[in-house]
Amino acid sequence: MLLGELSSQLRVSCQTLVRWIDRHLIEATLGWELSDENGERRTIQLDESTVPFLASFAAEYREDTVSRTEARRVLKKIDPRNVKRLIRSGDLETVQLGDDVRILIGSIEDYLMQREQLGDS
């Protein structure tokens, strides 16, 4: 299966899926294949029975929130100073928890997926 297809299906960025595999949160193997146009495409091999669990895990993950510091870690390819700008511009959705402003993981994933689709990853 193409990594990008699974990413779209789960609404989680390819970057996050690769990180989950690297951390052994999911049992899968990454690879490459050539498209008909001779372009490289990232593939993922996993047991089909894993997909429903992965979908549930990804949905819960998207509903979670993180601090700005943790958002910077997730957005590691982004200049840390830009996180505040992304919040102000509405690219990242925040929620107020007491005195703390938290960033919704789903909005971070949506932002990462947009960048991946534009080829900025």
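Tutor: Helices here are DSSP runs of H or I with at least four residues, strands are runs of E with at least two, and both are numbered from the N terminus. The model is predicted, so local features need pLDDT of at least 70 and side-chain atom pairs count only at pLDDT 80 or more, while totals for chains, interfaces and linings use all residues. Residues are numbered from 1 along each chain as its sequence is written, and side-chain values use heavy atoms, with hydrogens and water left out.

The chain around it holds six helices and five strands, in the order α-α-β-β-α-β-α-α-β-β-α from the N terminus. Its C-alpha atoms fill a box of roughly 50 × 30 × 20 Å along the principal axes. Of the 121 residues, 40% count as buried (under 20% relative accessible area; over 50% is exposed and in between is partly exposed, with a 1.4 Å probe and protein chains only).

Now to α2 itself. Eight of its nine residues are buried, so the rest of the structure largely encloses this helix. Those eight are C14, Q15, T16, L17, V18, R19, W20 and I21. They pack against (contact: heavy atoms within 4.5 Å) the helices α1, α3, α4 and α6, as well as the strands β1 and β2. Just past the end of α2, H24 takes a positive phi of about 60°.

Just after α1, R11 has a positive phi of about 60°.

Helix α6 contains S107, which is buried with a relative accessible area of 7%. Setting aside neighbours within four places in sequence, S107 is in contact with D91, L92 and E93.

Finally, zoom out to the whole chain: among contacts between residues at least 6 apart in sequence, 54% join residues at least 24 apart.
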